[in-house]
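Subject: Structure handover

Hello,

Here is the structure for you to look at. My notes on one part of it follow below.

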Amino acid sequence: MTAPLPQVFKLGTRGSPLALTQAGMVRDALRAAHGWDSIEIVVIRTTGDRVQDRALAEIGGKALWTRELDRALLAGEVDACVHSMKDVETLRPAAIAVAAMLPRADVRDRLIGAASVSALREGASVGTSSPRRAAQLRRLRPDLRPMLFRGNVDTRLGKLAAGEVDATLLAAAGLDRLGRHDTGTAIPLDQMLPAPAQGAVGVETRAEGAAHDAVAAIDDAATHRAVDAERALLAALAADCHSPVAALAVHDGDTLRLRAELLSPDGAEQVSGEARGDDPVALGARLAAELLGRAPPAIRALFG
Ligand SMILES: NCc1[nH]cc(CCC(=O)O)c1CC(=O)O
């Protein structure tokens, strides 16, 4: 039996300004699709929100952004949860499904504090706690010094303004959603390939039931297929958040073109490649295997 839709549809989210903006976008899309006027946004504090002083990779990884939201979803306290797909583990509980993704935003990273990576002064410090961004920066410029940098977008921009670092990197998607269209300069994709799923907002529901089917009505299939390919690559690599991995799938007619890059943490070693295919999951797995097969030992040791 399928559970009926509740009177008030509850949308779970983290409480950061970006998370709330994204939840509002999902609410608006559900309202437009179904005419619902009773959608309540329920803020749930996650472990990732509480722990601000250490790199996520040290304290347990991406699950820290979803655990409390998963629990509320499975307990029926909310009907759906909104996530940045970039922050969602590839291995998810079987009773939870990604019912929809919103149309993807600008996938690039933006540099804030200099006009380009080459314009940064010799030895500049760059605030980031992303192993991918740190490795990519050092591959481009071994003199740069990545510095641990956490907190939400406004916190990071505040630390930059206070002079704690010379520059920082943030996803264009988050900046744009916060109305910060003029903050920073986009780094070209051939210099910095984004994180898998960057720029994609996903909506998870319980795998079965009316909420799943109602949310599926707002799915952007093109975004969903591309992100599925990127996440399949990540899953096949058995990557964790210590592993510097970049990936981007784009549509080329009916086929997907997936590019990916694996790096050593210091950026000294890199392996990259691309593949095309129709089945997102098979494509991600195939490119992962191909890259691992060619990866130098320093990179292969980070995976599996
Ligand atoms: N890890 C934090 C996070 N998760 C999603 C985004 C940006 C929005 C997106 O990629 O959809 C950000 C901030 C950032 O990386 O600058």
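Ser125 has Arg145 in strand β7 as its bridge partner. Strands here are DSSP runs of E with at least two residues, helices are runs of H or I with at least four residues, and both are numbered from the N terminus. Strand β6 (residues 125–127) and β7 run parallel and are joined by three bridges; two strands pair if DSSP finds at least two bridges between them.

This is a predicted model, in which local features need pLDDT of at least 70 and side-chain atom pairs count only at pLDDT 80 or more, while totals for chains, interfaces and linings use all residues. Residues are numbered from 1 along each chain as its sequence is written. The protein chain has an average pLDDT (the predictor's confidence in each residue, from 0 to 100) of 94, and 96% of the residues score at least 70. The ipTM is 0.97 and the pTM 0.95.

The open sheet has five strands in the order β7-β6-β8-β5-β9, with mixed pairing. At its edges are β7 (145–147) and β9, each pairing on one side only.

Strand β5 runs antiparallel to β8 (residues 167–171), with four bridges, and Asp109 is partnered there by Ala171. Strand β5 is also antiparallel to β9 (residues 185–186), through two bridges, where Arg110 stands opposite Ala186.

In β5 (residues 109–112), Asp109 and Leu111 point one way, Arg110 and Ile112 the other, and all are buried (20 or more other C-beta atoms within 10 Å of the residue's own, with C-beta atoms placed from the backbone).

Regards

Key. Buried ≥ 20, exposed ≤ 12 C-beta atoms within 10 Å, placed from the backbone.
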